Amino acid sequence: MKMMLFYKSLSLLLGFFSVKTKAEREVNIATWGTPVQSTLAYNWYAQNALDGLRSTCTHTAVQSDPWWKLDLMKTYSVNRVTITNRPDCCSDRINGAEIRIGNNSLDVSSNPVCAAVPSIPAGATYSYSCRGMEGRYVIVNIPGASKILTLCEVGVYVIFPGNLATGRTVTQSSTFGTWVGEQAIDFNPGFIQPSSSCSSTTAQTNPWWRVDLHYIYRVSSVVITNRLDCCPERIDGAEIRIGNSLENNGNNNPICAVISSIPAGVSSTYICNDMDGRYVNLFLPGDSRFLTLCEVEVYGEGPVLKKTFVKMKLKSSSSLSETEMRVQLLSQLQSALMERGFSDVMLQWSQPPTKEAMRKEDSPAQCAVRKR
Ligand SMILES: *[C@@H]1O[C@H](CO)[C@@H](O)[C@H](O)[C@H]1NC(C)=O
């Protein structure tokens with residue numbers, strides 16, 4: 001039998017490091033759209049400008065005012081457009097081309113001009129700033145008679161604002177085929193190929209999806225994009241939950257909003273009135289339900305610096321009056337927290353522990369830590 005010491009009123013200072021994450025990200029969204037061109041020559045399809053290969057290109061017939069048009073399916077604010085000219089011959093055919101961004105699909109030349117292309121050397125890629133021009137269509141056209149439009153690559157670059165979910169860890173209750181959880185935070189709304197750009201669970205009871213923001217943020221809003229291809233009503237009743245607990249996989253955290261419905265392909269914004277949380281969950285109560293998410297965006301402030309004083313009682317057979325023991329205890333606590341996913345916690349004593357004699361016990365000495 002051992003005499004055990006009972007420590008009371010131990011205070012630990014828990015501090016979260018402040019980390020600045022890169023808020024914006026520039027993404028080439030060209031492949032998220034569907035390209036068409038005014039005419040086709042040989043097998044130089046409109047799609048060849050999006051295949052990542054400089055050696056395969058588009059080609060119109062010889063015609064008046066040829067054009068190539070990319071339908072992005074929704075409005076984007078375009079930062080810049082790049083064009084890669086053909087490497088093999090006749091590089092001057094591109095001279096005089098115009099880059100346009102707008103919403104008019106039928107009359108392409110009525111869309112506002114982002115830039116004119118005086119010339120591009122053979123095989124070179126030139127970048128044209130569009131300064132955030134907004135539109136669903138990106139058009140490259142050459143005004144004039146007897147023209148040929150050939151494009152080997154086109155890039156459409158959009159700057160996405162500080163979405164806190166970007167690059168974070170995603171978990172979902174189950175995965176349907178290739179519809180992995182991360183595809184809900186890839187910026188791509190998946191209007192063309194949802195199976196490679198949206199997330200989905202299998203049909204199950206109470207499916208959920210969760211993003212771990214890694215730090216605690218003050219979340220002001222969450223934007224959910226629903227699928228375009230089918231069954232938009234499947235999202236009805238999904239709950240957006242935000243908080244710091246992983247109890248019930250995070251699905252017991254406070255509710256920001258309940259989604260009544262979102263039309264197919266639409267992005268809906270839910271205002272969360274500054275809820276503090278590290279986890280953002282989508283929880284869909286019910287039986288035989290699919291939770292499908294084409295995009296989840298999280299906006300807010302932070303990370304919120306949290307300093308927490310924790311009082312702990314712990315049983316220890318060794319004396320915490322020795323500095324060495326106190327340092328050792330902190331590192332044990334640190335690794336215990338690490339195992340639970342809190343890698344960014346800094347622990348320090350805010351006051352020396354006081355000890356209390358505890359009554360005799362039969363059980364062998366253990367290091368048990370209990371949070372109060
Ligand atoms: C295209 O439509 C969007 C949304 O309706 C609008 O914000 C944008 O200004 C439009 N672009 C042009 C060039 O008219």
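Cys90 lies in the loop between β4 and β5 (97-102), where strands, at least two residues of E, and helices, at least four residues of H or I, are DSSP runs numbered from the N terminus. The model is a predicted one, in which local features need pLDDT of at least 70 and side-chain atom pairs count only at pLDDT 80 or more, while totals for chains, interfaces and linings use all residues. Residues are numbered from 1 along each chain as its sequence is written, and side-chain values use heavy atoms, with hydrogens and water left out.

The backbone of Cys90 has a phi near 40°, a positive value in a residue other than glycine. With a relative accessible area of 22%, Cys90 is partly exposed, a class that lies between buried (under 20% relative accessible area) and exposed (over 50%), as computed with a 1.4 Å probe and protein chains only. A positive phi is also found at Asn248, where the angle is near 50°; Asn248 lies in the loop between β12 (239-243) and β13 (255-258) and, at 43% relative accessibility, counts as partly exposed. A further backbone feature is the cis peptide bond that joins Gly302 and Pro303, with omega at about 0°, and Pro303 is placed in the loop between β16 (295-301) and β17 (307-316). Most residues other than glycine have a negative phi, and most peptide bonds are trans.

The surroundings of the ligand consist of Thr75, Gly102, Asn103, Pro112 and Glu134, a residue being near a molecule if one of its heavy atoms lies within 4 Å of it. This shell divides into one nonpolar, three polar and one charged residue, where Ala, Val, Leu, Ile, Met, Phe, Trp, Tyr, Cys and Pro count as nonpolar, Asp, Glu, Lys and Arg as charged, and the others, Gly among them, as polar. An oxygen atom of the ligand is 2.4 Å from an N or O atom in the side chain of Asn103, and an oxygen atom of the ligand is 2.9 Å from an N or O atom in the side chain of Glu134.

Aromatic rings were examined next. Rings of Phe, Tyr and Trp (its six-membered ring) pair if their centres lie within 6.5 Å, with planes under 30 degrees apart counted as stacked, over 60 as edge-to-face and the rest as tilted; by this rule the count comes to seven aromatic pairs. The rings of Tyr76 and Phe160 have centres 6.5 Å apart and planes at 80°, so this pair is edge-to-face. Because Tyr76 lies in strand β4 (residues 67-84) and Phe160 in strand β8 (residues 153-160), the pair ties together parts that are 84 residues apart in sequence. Tyr76 is buried, with a relative accessible area of 5%, and Phe160 is likewise buried, at 11%. The rings of Phe176 and Phe290, with centres 5.9 Å apart and planes at 90°, also form an edge-to-face pair. This pair links distant parts of the chain, with Phe176 in the loop between β9 (169-172) and β10 (199-200) and Phe290 in the loop between β14 (267-283) and β15 (292-293), 114 residues apart; Phe176 is partly exposed, with a relative accessible area of 39%. One aromatic cluster is formed by Trp32, Tyr76, Phe160 and Phe187.

Asn226, found in the loop between β11 (208-225) and β12, counts as buried at 2% relative accessibility. The side chain of Asn226 reaches the backbone oxygen of Pro232 at 2.9 Å, and the backbone oxygen of Ile262 lies 2.8 Å from a polar atom of the side chain of Asn226. Asp212 lies in strand β11 and counts as buried at 15% relative accessibility. The side chain of Asp212 makes a polar contact with the side chain of Arg278 at 2.8 Å, a polar contact being a pair of N or O atoms within 3.5 Å, of which, within protein, one must be able to donate a hydrogen and the other to accept it, and residues adjacent in sequence count only if both atoms are side-chain atoms. The side chain of Asp212 also reaches the backbone nitrogen of His214 at 2.8 Å.
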